[in-house]
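Here are my notes on the chain interfaces. Please read them with the structure open.

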There are 4 protein chains.
Amino acid sequence: MKKAKLALKTDSLSKTQIQIGNAVVGGTDLFIVGGPCSVESREQMEAVASRLVSAPVQALRGGVYKPRTSPYDFQGLGLEGLEILAAVRDRSGLPVITEVMAVSQIDEIASYADVLQVGSRNMQNFDLLKALGRVDKPILLKRGLAATLEEFVMAAEYILSHGNPNVMLCERGIRSFDTHTRNVLDLGAVVALKQITHLPILVDPSHAAGKRELVADLSRAAIAAGADGLLVECHPEPEQSVSDARQALSLDDMVALVDSIRPIATAINRSIPAGATSVPRLSFV
Amino acid sequence: MKKAKLALKTDSLSKTQIQIGNAVVGGTDLFIVGGPCSVESREQMEAVASRLVSAPVQALRGGVYKPRTSPYDFQGLGLEGLEILAAVRDRSGLPVITEVMAVSQIDEIASYADVLQVGSRNMQNFDLLKALGRVDKPILLKRGLAATLEEFVMAAEYILSHGNPNVMLCERGIRSFDTHTRNVLDLGAVVALKQITHLPILVDPSHAAGKRELVADLSRAAIAAGADGLLVECHPEPEQSVSDARQALSLDDMVALVDSIRPIATAINRSIPAGATSVPRLSFV
Amino acid sequence: MKKAKLALKTDSLSKTQIQIGNAVVGGTDLFIVGGPCSVESREQMEAVASRLVSAPVQALRGGVYKPRTSPYDFQGLGLEGLEILAAVRDRSGLPVITEVMAVSQIDEIASYADVLQVGSRNMQNFDLLKALGRVDKPILLKRGLAATLEEFVMAAEYILSHGNPNVMLCERGIRSFDTHTRNVLDLGAVVALKQITHLPILVDPSHAAGKRELVADLSRAAIAAGADGLLVECHPEPEQSVSDARQALSLDDMVALVDSIRPIATAINRSIPAGATSVPRLSFV
Amino acid sequence: MKKAKLALKTDSLSKTQIQIGNAVVGGTDLFIVGGPCSVESREQMEAVASRLVSAPVQALRGGVYKPRTSPYDFQGLGLEGLEILAAVRDRSGLPVITEVMAVSQIDEIASYADVLQVGSRNMQNFDLLKALGRVDKPILLKRGLAATLEEFVMAAEYILSHGNPNVMLCERGIRSFDTHTRNVLDLGAVVALKQITHLPILVDPSHAAGKRELVADLSRAAIAAGADGLLVECHPEPEQSVSDARQALSLDDMVALVDSIRPIATAINRSIPAGATSVPRLSFV
């Protein structure tokens with residue numbers, strides 16, 4: 001990985017910290033993101049936000065442009081979803097993260113969302129990466145299903161070298177032979193990436209496990225391994241989720257998860273900050 | 001794979017055949033494509049074309065927009081490369097295939113090339129796939145490094161369902177644990193895909209093996225397995241190739257490879273047609 | 001792989017050829033082995049032998065000690081199965097191959113069978129490999145499900161270095177992420193192994209594919225790739241097979257498979273010899 | 001996995017707890033095992049024991065019969081190594097764990113060691129598993145490099161169904177495509193196995209990572225995920241280790257690792273018990 005000039009740690013380079021809403025990612029505080037796989041309705045997202053703001057989580061996630069294996073599956077609410085995300089962000093004070101799948105979507109999404117996510121399938125969509133290098137919003141870059149660490153770091157390098165220094169890496173499980181879990185969460189990669197890069201690293205235990213009963217233990221493991229935060233799928237009615245229902249936590253379980261992470265965070269001298277408490281906002285009805 | 005409506009075989013649907021130059025892909029004739037990883041110069045491509053036209057190969061390949069792991073590696077000649085490809089096509093009569101990495105490149109590439117290739121990294125770049133569904137040129141869709149057969153077929157379905165029926169699949173090796181070969185050529189996938197879809201299937205033994213000394217045997221195996229053709233990297237001076245030098249054949253070896261495939265083709269009642277003999281063209285200097 | 005002293009090709013070392021019954025493995029002739037996953041009865045094995053002797057195949061296979069994932073599954077007929085194998089060998093003239101799972105079984109099996117097979121799960125059972133190095137019968141060593149080529153060659157080296165020079169390698173598919181086929185047949189490994197070792201290499205397309213409809217095409221591909229032979233599962237009543245029923249060919253299909261391989265063999269200057277015709281034997285009833 | 005009768009959790013079956021020396025594996029206390037890859041000398045093992053007894057670790061590990069990829073690599077001290085292990089156990093009070101590779105070694109090893117380990121390569125050496133089912137010592141069963149969870153549980157079932165109820169599972173990394181770490185530690189498997197079986201589960205971060213700088217973070221992650229203990233390679237002079245030197249911790253780092261696990265253990269209501277304090281023993285010279 002000798003050719004990565006910007007993503008790798010050097011003696012003179014301190015760890016990258018990225019301000020997102022009230023939160024700072026990559027410092028002592030953890031950055032916990034919760035929300036559904038897909039934005040389905042205003043009611044759904046408000047239920048999520050109102051319950052999670054005091055969990056607390058530090059940001060909300062929700063897909064509005066959905067990369068789906070089949071062209072006949074639900075492709076996301078698009079612009080309507082972005083409007084829902086922005087409205088919920090404004091009421092809750094929680095920054096929102098959503099996936100960008102195409103260069104043509106960047107301007108629109110960047111005008112609504114606080115963080116733009118690049119999904120696993122697009123980790124080496126270099127056209128998209130270069131364009132995101134010219135965007136003034138932090139990027140959450142998910143590892144490809146069969147990406148080596150070198151390829152992952154170099155994908156970040158595409159964004160960094162095109163001008164955007166605010167990249168968060170996200171390990172979300174790699175493809176393997178066993179079918180019991182959906183993918184294999186590679187925490188060794190998280191540990192290694194923390195040692196070789198200066199970028200913050202989040203973990204998505206939901207897509208890794210693919211089964212909600214495995215998410216909490218893997219979340220605690222990820223934090224103990226040194227991850228800077230989590231991206232967890234949860235839903236007001238998990239079984240009714242239009243996508244990835246099998247891995248979504250209930251909101252109660254999501255709150256319990258955050259609680260259960262706190263002592264682990266303390267054990268390694270990290271902390272879970274208040275979510276959006278300093279931001280004035282309307283109360284939820 | 002029950003949801004794929006257009007890519008899967010049905011009783012009433014015959015095998016898709018695609019006319020490319022003088023060749024028909026997906027019929028009795030094999031479709032053998034040769035050429036360098038990257039278009040480097042006019043001289044290079046003319047050397048390739050003049051030697052391979054009588055091999056014969058049925059088309060030329062050459063990258064002008066290159067997906068590279070590192071942003072600092074050679075990214076291809078771009079428009080200049082397209083002009084070289086078109087010039088060489090016009091002189092040799094051989095159709096040319098090149099990779100498209102971005103929606104913004106489609107119009108330009110489609111105005112020069114005969115077939116647009118989607119690389120492994122973009123197999124699930126759904127934005128690109130949808131746009132290629134609206135193009136009036138055949139598409140060569142390479143399997144992702146960790147794509148299941150369902151995901152591969154569904155990626156083709158994205159193109160088909162957006163209006164372009166001329167899709168060729170290409171197996172090019174999947175990621176595995178062994179480092180002796182670059183990837184693992186999955187001929188079981190080729191056999192299975194021929195049984196479940198009606199689309200032509202090519203094999204790229206060069207990227208699978210990653211070592212030139214393995215290419216010829218794998219090429220013969222691919223044809224014996226039932227592949228409709230091959231995509232083989234070769235170069236006038238393999239060791240000087242700007243990319244993937246380790247896997248490129250010399251032009252002499254490429255000609256010998258075609259010769260060695262002929263008896264295998266005969267053994268399974270297929271044939272290697274003349275390359276571009278019926279097309280009037282200028283002689284090479 | 002620099003430490004392998006005996007298995008690797010050298011200038012002074014010619015390709016190993018192993019005499020098994022009338023056949024010579026590793027020369028121009030192919031060595032095609034057919035038979036059921038498990039020896040189930042005398043009638044079953046005689047039906048197999050009488051149909052395949054004229055196919056011709058050059059040897060019969062059948063498991064009598066079966067490595068099964070579950071301790072509650074059928075573990076094989078044991079000694080009774082060996083007696084069946086020997087009786088069928090004596091009547092048909094076809095040598096028989098069966099798996100040895102334990103050092104304690106070696107003497108018994110070696111007194112009945114012509115070739116001792118080491119299964120994938122035992123490829124690095126070094127205790128067994130060392131003991132087989134002291135046996136006066138050829139060994140068929142199957143590649144482990146996740147064995148690198150180095151580990152595979154070194155496993156052969158354990159046998160060779162303990163005194164037995166007659167080792168055949170067998171590629172039988174490696175573990176991967178896709179579930180459409182049971183395993184991924186790695187013909188690139190076959191090509192590479194032929195280049196780096198002097199040992200004969202067989203291919204087992206049945207365990208690789210896991211589905212009978214894929215076996216014939218993969219068999220032809222294996223021969224075209226340069227394999228010295230095949231190990232194919234077939235059964236008088238495939239659907240009734242006590243193990244691996246999904247991948248077993250009918251005897252008719254097995255005969256057709258041998259026929260379909262002949263032109264491929266011819267195309268690469270190899271041949272399928274008569275099976276056991278020069279051996280006097282009783283006719284089957 | 002419906003056929004596993006003995007290994008799977010049932011309503012009436014409580015979690016298996018195994019007494020080893022003073023420790024109980026599978027209860028609230030963690031079971032941390034340290035020691036070198038190979039037993040090299042009496043001095044080496046006494047240095048390890050005297051430093052780790054107060055760390056504290058609850059047991060020592062050290063290989064005396066070594067499964068090595070090459071037959072020409074160091075194969076272990078054998079009986080001499082067992083005598084060293086027993087002597088060090090007697091002086092330190094720490095139980096000792098060592099690998100058994102063959103049925104013929106069982107009686108000898110069982111007369112010296114407190115726990116018999118089955119290595120990854122032998123996870124489906126069913127002959128060995130059945131024989132260990134008749135042994136009166138706990139078994140530490142390591143997951144194969146490409147073993148599914150079903151195969152892993154079923155391998156334990158072979159031991160259980162042959163009479164030995166005291167089986168500990170050990171996740172030690174699976175084979176994958178990335179070369180940065182030696183293997184991929186699959187903590188999702190640990191979480192899943194805790195939910196579906198009643199057997200204790202240990203984690204070996206050393207073989208998973210293959211690099212010592214990754215071991216501590218992965219150890220903390222493993223405990224946070226719910227593992228019942230750890231198996232960590234350490235050596236008085238890591239760089240001088242005859243095998244696996246790259247992944248061995250120094251003894252100082254091993255002591256620091258135990259210290260760093262304590263707050264994680266506390267966070268999930270588990271604890272690290274004193275090592276061998278209640279056992280009278282001679283002081284080390």
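1. Polar contacts between chain B and chain C are three residue pairs, both residues at pLDDT 80 or more. A polar contact here is a pair of N or O atoms within 3.5 Å; within protein, one must be able to donate a hydrogen and the other to accept it, and residues adjacent in sequence count only if both atoms are side-chain atoms. Helices are DSSP runs (H or I, at least four residues), numbered from the N terminus.

2. A word on the basis. This is a predicted model, in which local features need pLDDT of at least 70, side-chain atom pairs count only at pLDDT 80 or more, and totals for chains, interfaces and linings use all residues. Residues are numbered from 1 along each chain as its sequence is written, chains are lettered from A and ligands numbered from 1 in the order in which they are written, and side-chain values use heavy atoms, with hydrogens and water left out.

3. The extent of the B–C interface: 35 residues of chain B contact 35 of chain C, contact meaning heavy atoms within 4.5 Å. About 2,700 Å² is buried, 70% of it on carbon and sulfur atoms. Buried area is the accessible area (1.4 Å probe) that two parts lose on being put together, summed over both. Zero salt bridges are found there; the rule asks for a side-chain nitrogen of Lys or Arg within 4 Å of a carboxyl oxygen of Asp or Glu.

4. Now chain D against chain C. Here 30 residues of chain D contact 30 of chain C. Thr69(D), Tyr72(D) and Arg175(D) supply 23% of the area that chain D buries against chain C, more than any other three residues. The total buried is about 2,700 Å², with 52% from carbon and sulfur atoms.

5. Polar links across D–C. There are two salt bridges and 16 residue pairs in polar contact. Arg175(C) bridges to Glu151(D), with the closest N and O atoms 2.6 Å apart. α5(D) gives the most to this side of chain D, with five residues.

Notes. Helices (H or I, at least four residues) and strands (E, at least two) are DSSP runs, numbered from the N terminus.
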